[in-house]
Amino acid sequence: MKYIEVVDLPPGQSPVVAETCYRSAEALEAGQILFLPRYAFSVPGSYQPLFSSPILQRGSKSVSYSPSTRKLYGTASKGQTLSSLEEMMGRFANFAQKTVTRLLPIYRTGLVRARTSFRPIEIETRSVPWRKDDRRLHIDAFPSSPIQGNRILRLFCNVNPAGQTHLWRIGEPFEQTAGRFLPSIKPPFPFSSVALMLTSTTKSRRTFYDHIMLCLHDRMKRDQRYQEEAERAEIEFPASSTWLAFTDQVPHAAMRGQYQLEQTFLLDINRLHDQSTAPLHVLEKLAGRKLV
Ligand SMILES: [Fe+2]
């Protein structure tokens, strides 16, 4: 299994050759990490206080930012530090959008920019319950925002000012993981999707697909044997590098690292080159029925 595709994207805005764009989309859709070793979001010296003072609200694991409303969540910062934080998050969200539209033009029309996150704490030593522990292999799924078969594309930057790497673990192909856990996943209770909407637990209808993806996320994290025995590889991302992945498809675990910026995109499944590798189609093939 090939886990990673390296693309030597030069900094700047120069057009990317069509062959590189095609290869990038093909690698992502095959469940690989797209790694841009020389390409990074530049952090000006004026943002240094964001990397040396406590900026998180108590209980938060990251600062999040909505590019559409320009609101920040999860921070206790005030004054100039808050202004710098808002500015950095906004600039990073724009950097991520430009990077994806430059490298993956085929996705341009189906892309929705969701939350931007800044994770300033060391992952390795953080103590969290198993369901929130991203050091355990998992795929991403959203409890309150059903995506109904569309895709979760994420762009990550290691912005560690001390030059420390980020260590990730990448698991076996999605089809293998889905085949391992799907037989034990029961359908949701009748009308539960309506109840979830009426109680504002979800923002839209939680489909059978969303239900399975949430169950997969939990089963993977909870299963100690899977965590210890599943085929995997470890990848170190150096400081000042960027990587992307369909995190609804790639089993991943963030094992070590501090100071990461992350942009989430939702992508219309119809924009993919090859829908057959998308989790929706893999699960429908395994389940033998429509899931949305
Ligand atoms: Fe994740």
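Reader: Are His-138 and Asp-140 buried or exposed?
Author: Both His-138 and Asp-140 are buried, where buried means under 20% relative accessible area, exposed over 50% and partly exposed in between, with a 1.4 Å probe and protein chains only. Please keep in mind that this is a predicted model, in which local features need pLDDT of at least 70, side-chain atom pairs count only at pLDDT 80 or more, and totals for chains, interfaces and linings use all residues. Residues are numbered from 1 along each chain as its sequence is written, and side-chain values use heavy atoms, with hydrogens and water left out.

Reader: Which protein donors does the iron ion have?
Author: They are His-138 through NE2, Asp-140 through OD and His-252 through NE2, lying 2.2 Å from the iron ion; donors are N, O and S atoms within 2.8 Å of the metal (3.2 Å for Na, K and Ca), and since water is not among the atoms, sites may look incomplete.

Reader: Switching topic, why does Thr-242 count as buried?
Author: Because its relative accessibility is 0%, Thr-242 counts as buried.

Reader: What lies 2.6 Å from a polar atom of the Thr-242 side chain?
Author: That is the backbone oxygen of Tyr-39.

Reader: Last one: which residues of α1 are buried?
Author: In α1, the buried residues are Thr-20, Cys-21, Ser-24, Ala-25, Ala-27, Leu-28 and Glu-29, helices being DSSP runs of H or I with at least four residues and strands runs of E with at least two, numbered from the N terminus.

Notes: Polar contact = N/O pair within 3.5 Å; in protein donor to acceptor, adjacent residues only side chain to side chain.
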